[in-house]
Amino acid sequence: MKIICIINLKGGVAKTISAINIAYTLAEKHGKRVLLIDNDKQGNTSKFFGVHSYEKPSIADVLTKRDPNTLLAALGFTHIGGLRGEKYDNLHILPANMNLLAADREILIDASRPQQTRLKKVLEAHERAGYTYDYAVIDCAPDLNMSVINALVAAHDVLIPIKVDKFAFDGIDTLLEQIDEVKEFNPALRVVGGFITMYSRNNVNMQGVEALSKKVGLPMFSTVIRNTVKVNETTYAGVPLAVYAPKSTAARDYEALVEEYLTPICAITNPKNLRYGHSACENCGSCKGVTESITNTRNEGEGNHEH
Ligand SMILES: Nc1ncnc2c1ncn2[C@@H]1O[C@H](COP(=O)(O)OP(=O)(O)O)[C@@H](O)[C@H]1O
Ligand SMILES: [Mg+2]
């Protein structure tokens, strides 16, 4: 299972919308089995899909209870349907509610067992018990509390949604520093990249994109998610963009973003990525010519080669 953390220390940058639509695209367009983890006490992802509740266990219980069956009990909400009654067989959700606030404090107080690796261990135990997913997508709170640290420790890949405004850069350096610190527990953690959300073709956005592309330490996706009123409408409808408005700009953009994420980034056509340890793709036009010479140094495993 590959675990993707959607994070930014700012609220209102489309973390939740991105987590929902990326998870949905992986599940329904790419046929992957996906676990969508709501890791924000606001529970917006859970509310979106109509699974917000205080009756059943939630991520708060998963992080604090020792009972290994807690996750399974919390996933009683699997095979969720949208508010229109759709069923998404490949998309399961681990919900969140305000109990996560107390859970965060409880993790800090209870030093009798490791505090940072709880989510990682629960997910690993779940897999060992035979409940497998191809991807987990974690919608994080705009915070660096224990539940967010747990998400970063469990994750393989970090994706950072960024809304361009005067304060777009705030917190990004702090976040990148925190990610570096988490590498002590999770050395393979990789910042795959930032991506622009709510993009409109105006001067502010274009300058922001330019500034972000020059920012050291943050590779950027070339796909941007355009601004459209359809996104807000989906929050009322409770269905992902690809169902609600499949032809809308943002629906197509999220599809392209997932495609870009799934396609190994070529470090030759995009040398900036070399610095971030990205793998180059095997068969893109630019790589082809040099495939021979790098065959010997190619990393085994996912079929990618490192340059
Ligand atoms: N591409 C977009 N176009 C227009 N509005 C958007 C877009 N993406 C997100 N929004 C709106 O921005 C607001 C914040 O999004 P949300 O995902 O809840 O942010 P976060 O989880 O980062 O706090 C919501 O009202 C949402 O509908
Ligand atoms: Mg949110």
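Predicted model: local features only at pLDDT ≥ 70, side-chain atom pairs only at ≥ 80, totals over all residues.
## A parallel sheet, its core and a ligand shell

Isoleucine 6 has leucine 159 in strand 5 as its bridge partner. The protein contains 307 residues, and 42% of them count as buried. Among contacts between residues at least 6 apart in sequence, 73% join residues at least 24 apart.

The 6 strands form an open sheet in the order 3-2-4-1-5-6, with parallel pairing. Strand 3 (91-94) and strand 6 (190-197) are the edge strands, each pairing on one side only. From one strand to the next, the twist averages 20°.

How many bridges join strand 1 to strand 4? There are 5 bridges between these two, which run parallel. The table sets out this pair with two others.

| Strand pair | Bridges | Direction |
|---|---|---|
| Strand 1 and strand 4 (residues 135-140) | 5 bridges | parallel |
| Strand 1 and strand 5 | 3 bridges | parallel |
| Strand 5 (residues 157-163) and strand 6 | 7 bridges | parallel |

Isoleucine 4 has valine 137 of strand 4 as its bridge partner, while valine 158 stands opposite valine 191 in strand 6. Strand 1 (residues 2-6) is largely enclosed by the rest of the structure, because 4 of its 5 residues are buried.

In soluble globular proteins, nonpolar side chains tend to be buried together. Here the largest nonpolar core has 84 residues, and those touching the most other members are Cys5, Ala23, Val34, Val137, Ile138 and Ile225. Helix 1 gives this core its largest share, 8 residues. Alanine 23 is in contact with Val34, Leu36, Leu91 and Val137, once neighbours within four places in sequence are set aside.

**Around isoleucine 107**

Is isoleucine 107 buried or exposed? With 22 other C-beta atoms within 10 Å, isoleucine 107 is buried, because 20 or more is the cut-off for that class. Isoleucine 107 belongs to helix 5 (residues 99-109). Beyond its neighbours within four places in sequence, isoleucine 107 is in contact with Leu63, Thr64, Gln115, Arg118 and Met146. Asparagine 145 is 38 residues away from isoleucine 107 in sequence, and their C-alpha atoms are 9.9 Å apart.

Which residues come nearest to ligand 1? Of the 17 residues around ligand 1, the nearest are Ala14, Lys15, Thr16, Ile17 and Val231. Helix 1 (15-29) and helix 10 (229-237) each supply at least two residues of this shell. By class, the shell divides into 7 nonpolar, 9 polar and 1 charged.

With 21 other C-beta atoms within 10 Å, methionine 198 is buried.

Methods: Residues numbered from 1 in each chain as written. Chains lettered and ligands numbered in written order. Near = placed C-beta within 6 Å. Nonpolar A, V, L, I, M, F, W, Y, C, P; charged D, E, K, R; others polar. Core = buried A, V, L, I, M, F, W, Y, C linked by C-beta atoms within 7 Å. Buried ≥ 20, exposed ≤ 12 C-beta atoms within 10 Å, placed from the backbone. Contact = placed C-beta atoms within 7 Å. Pairing = 2+ DSSP bridges. Axes fitted to C-alpha atoms, helices over the stretch in contact; angles between N-to-C directions.
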